[in-house]
Amino acid sequence: MANGKVQRNGNNGHATTVKKSRLAPIDSVETSTRLPVLKTYKIYIGGKFPRTESGRFYLLNNRKTGQPIANMCLCSRKDFREAVVAARAAQSGWAERSAYNRCQILYRIAEMLEGRAAQFVSEMVQMGFSEASAHAEVETSIDRLVYYAGWADKYQQVFSSVNPVASSHFNFSVLEPSGVAAIVTPQDSALIGLISTVIPAITGGNTVIALASRDLTLCAVTLSEVLATSDLPGGVINILTGEKSELIEHFASHMDVNTIVYCGNDEAERATVRSKSAANVKRAICYDRTDWMSPEAQNPYLILDTQEVKTTWHPIGV
Amino acid sequence: MPLSAPSLPHSPTIDQVGVEERVERLQKRSIKKASKVHALKLALSMIDLTTLEGADSDGKVRQLCSKAKHLHDAMPDLPHVAAVCVYPTLVACAKQELTGTDIKIAAVATGFPSGQYPRSTKLADTRFAVEEGADEIDMVISRGHFLAGEYAYVFDEIAAIKDACGAAHLKVILETGELGTLDSVRKASDLAMHAGADFIKTSTGKVQPSATQPVTLVMLEAIRDFYQATGKKIGMKPAGGISTAKISLQYLVMLRETLGEDWLTPDLYRIGASRLANDILMQLMKERTGAYQSGDYFSKD
Amino acid sequence: MSKAVDSRTDRPESKIRFSTSWSYAPAPETAKATIAPRYDLFINGKFVTPAKGKYFATTNPANEKKLSEVGEASAEDVNKAVKAARSAYDKVWSKMPGKERGKYIYRIARILQERARELSIIESMDGGKPIRESRDVDIPLAAAHFFYYAGWADKLDYAFPGRTARPLGVAGQIIPWNFPLLMAAWKIAPALATGNTLVLKPAETTPLTAMKLAEVIRDADLPPGVVNIITGAGETGAALVNHPDIDKIAFTGSTEVGKAIQKALAPTRKHYSLELGGKAANIIFEDATIDQAVEGIINGIFFNQGHVCCAGSRLLVQESVYKTVIGKLQDRMETLVVGDPLDKNTDIGAINSKIQLEKINEYLEIGQKEGANLWQTSCDIPSSGYFCRPALFLNATQSHRITQEEIFGPVVAIQTFRTPAEAIEKANNTPYGLSGGVWTDKGSKIFKITTKIQAGVIWANTYNKFDPTSPFGGYKESGMGREGGLHGLAPYVELN
């Protein structure tokens, strides 16, 4: 069902009447005379849903047909700054939760996503995906959440060690989260790319600021609603929407971010990420993978990428 | 005659996780029906009704004393609170209001709450409160000196204040929220008891955290060890943060199972609180009528 | 007959008086639990009547009343169950991708969490343990165990470097009466996660939570035959152990039966893992945090009425702190409430069965005859049901039977030692090797002592702590194989 709505085009300020598609299940009755309530797409910071402080927006279109869908927040570096504050505040509490607790929360996110699968499929169709590929992607996303839920209380066992040092000391190495990770998620993915990069980081006790795909944004925003209803503490995952080119420099240079993850294949962007990270010896991780649906896109080494190793010594003796 | 500090090195160390687990187990006790009513009334009788604000005046204290005397006249058979607790300058007013009752007057002294004052000021503060009519003095230890390892200084200070109290009872506030570890809480407890404290008390209520159950357990166990070594019974007062009847009962369970019958009396156990009394009254009313209560029906002060 | 000894204080006028004017009113658990009058055998996804039509009763040890009756599985029923497990393995479970297997196991975990209160109540009624323990320990740990192993189902490639892990096939599992639902979880979860199917036999005195678990498994829609639960006593267990189409036997129970099973399996190719008895030494050094160590002693031997294979049933106290420790221990014991398992204030519930109570009482006699000094608390105990006051044997020696043999009740044998070497020697001087405890505030001493104690689980400055991620199992006659953690996968796979 199409409805008219007056809105400004983000670039030149002219008012135009635009047909805005209603976000309803595909099989909704076309002949209904009821006016639907349209959704406003906000960002997710500190467990709350603010608008961008900049007041700016961009128009999201169906990438196949070009049909406009909705206004998205065009985030600013100040939004990013606030998100880092929220992520930092949440990090020690999240890391101190038991692995079992993190496991249950991740599983709960899967439960919530499963319950809203139809909405995610419908949003992906709206953005130009086929129904079949939308179903596949949503199901893979749910299963990937379950996959990482199962790693939360196990990666420590697989990657830690007790080290047989030559002196009379008990010596052991454990993994600890690096802290706050800023993630430029795969821009060409509606959902699985974001899940695949954000979830392993939080499984390991990090907190995250994620930049969603600019052109496939709907699911990222709806995912933040799923996160908000999953007992995930506010600030553990923060989701921003906007232009990678505006924000990437700030993601990479922020002195209170411990890791930056960049997904993409632009050499210039990669170079920016790597060089700006040097300012605080940020861990810079670049994934050039394009197929995030692949089973190889889920494995515990993605958790390891955002972990530090701490080794402790203690004498053995009476 | 108080002993000198040599007993300090023998304070045992404390395992924090073990203490927290013991506390958790004690919190699982379920106190119902007659035993609940008995405990609620006991808790009520142990309250030191407190006002310690910069804004306190005679009028404020008069209201507090009135509440102490008339907790809830609609309910007969209520015990009275143990004491009111005020700043030294308000002791005279409290004395006027409470003459003829069994309610004691406790005064904080020694530069409460920080204690960052010279010895002479602290002694003068104490003497003034006692002269004004305080039955009990709640002093603060010098935490800075304690944390710097100057135990003899802290010991001597307590002994001197005890001396200045004359007939008044001395409660020694350790300010456990500033001590950092349970080991320090135990050490400070032992120190205070050896130096002459009649009561050891957790907090001023002005610093977070104030009383906690793990800290209280450590202090009760210190009291028990002191009793078994010397035959002397020292009282205990957790203060601050005990705002609900439910929590106060958990504290009483802990007391009962650590020190037993002899300490289940206001002579040896007090609770420093302000909002607690009304919550207990509401619980008592609920036990009586079966209905959950509203704060509107109980005078705030 | 030796006199009891009270170590509390040289100053009798400074005794803590515990009987108080304020006592706790009864606080019974009020939620309801549904127990059917009769439970059949759970085979191939359904409850089916036993072939011979025989049933046996299960009673509540707190009041000796009958709770229900359960089917007695004959050899024919065992055969049916094994066949169902084999068929499910061949046709469904071995073909199912790990991640789907995992999702079934997650379902079981979630349903257990949902039904937690009812399961706790039934566990306490059937076995005698206090509701405080079944509610706060047994049932949550059981759910957590399923949660943990669910996650391994699709990650076995990471568990054994350089090896591919394959399931063994059909497992026969026999569990004891001391942690009925938890032991069922410890057996079922890793077996399923690694791709095996199974036939489980719960203990004959505590079958009910296993039958409730069967309902959970049915409600989780597990493919029929993957999990089969059959009730019975020794004969049923023997039929299961001896069944030719079982690939693996997992047994938790007495060392005596464990040895019999090991012998019976000797001529076969069956894999087996055994978790048997123990007589753990709980060692208190003079530099321990004494009050917390006393609490650790309490947790070590009075948790679950002492019906714990890894119980701290021998107490070794450094002589320099002996009087202090025993005095505090006796004081603490006086606050233990022995009573109705369904009362929330009960610390020590009912002894699991009449037979077990008789065994314990026999040891109380033996210990006194041998020359140790018996001391028990003065608490009231109910007039009906099987109850035992918590007991200490002071002045026990290494050669006493009460120090060597597993009593499996709320009884601890106490000795002194003088040096770490002596403590280690005494601790290891036993055919058992399941667990041990060390209490000292000195870190280096902890690591030294724990490296020397010959036991599979050592608790330092704590006791009786369990977690699904933490491997549990014994050395020597306490058994072989581990349950829990990454190491808990190994008994259920072959590595190629």
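How many salt bridges does the rule find across the interface of chain C and chain B? The count comes to 8, a salt bridge being a side-chain nitrogen of Lys or Arg within 4 Å of a carboxyl oxygen of Asp or Glu. One of the pairs is C:Asp347 with B:Arg25, whose closest N and O atoms sit 3.1 Å apart.

A word on the ground rules. The model is predicted, with local features needing pLDDT of at least 70 and side-chain atom pairs counting only at pLDDT 80 or more, while totals for chains, interfaces and linings use all residues. Residues are numbered from 1 along each chain as its sequence is written, chains are lettered from A and ligands numbered from 1 in the order in which they are written, and side-chain values use heavy atoms, with hydrogens and water left out.

Back to the interface. Of the 2 pairs of chains that touch, B and C have the most contacts, where contact means heavy atoms within 4.5 Å. Chain A and chain B, by contrast, have no contact joining them, and their closest C-alpha atoms lie 15 Å apart. On the chain C side, C:Trp22, C:Tyr24 and C:Gln292 supply 22% of the area buried against chain B, more than any other three residues.

Polar contacts turn up too: the rule finds 23 residue pairs across the interface of chain C and chain B, both residues at pLDDT 80 or more. A polar contact is a pair of N or O atoms within 3.5 Å; within protein, one must be able to donate a hydrogen and the other to accept it, and residues adjacent in sequence count only if both atoms are side-chain atoms. Helices (H or I, at least four residues) and strands (E, at least two) are DSSP runs, numbered from the N terminus.

Turning to chain A, there are 10 helices and 12 strands. Its C-alpha trace spans about 85 × 40 × 30 Å along the principal axes. Buried residues make up 49% of the 318 residues in chain A, where buried means under 20% relative accessible area, exposed over 50%, and partly exposed in between (1.4 Å probe, protein chains only). Among contacts in chain A between residues at least 6 apart in sequence, 74% join residues at least 24 apart.

A:Thr203 belongs to helix α6 (residues 192-203) of chain A and counts as buried because its relative accessibility is 0%. A polar atom of the A:Thr203 side chain lies 2.7 Å from the backbone oxygen of A:Ile199. Beyond neighbours within four places in sequence, A:Thr203 is in contact with residues including A:Arg102, A:Tyr148 and A:Ile303.

In chain C, C:Leu240 lies in helix α7 (residues 234-242), and this residue is also buried, because its relative accessibility is 0%. Leaving aside neighbours within four places in sequence, C:Leu240 has contacts that include C:Val78, C:Gln173 and C:Ile249.

Terms used:
Buried area = accessible area lost by both parts, 1.4 Å probe.
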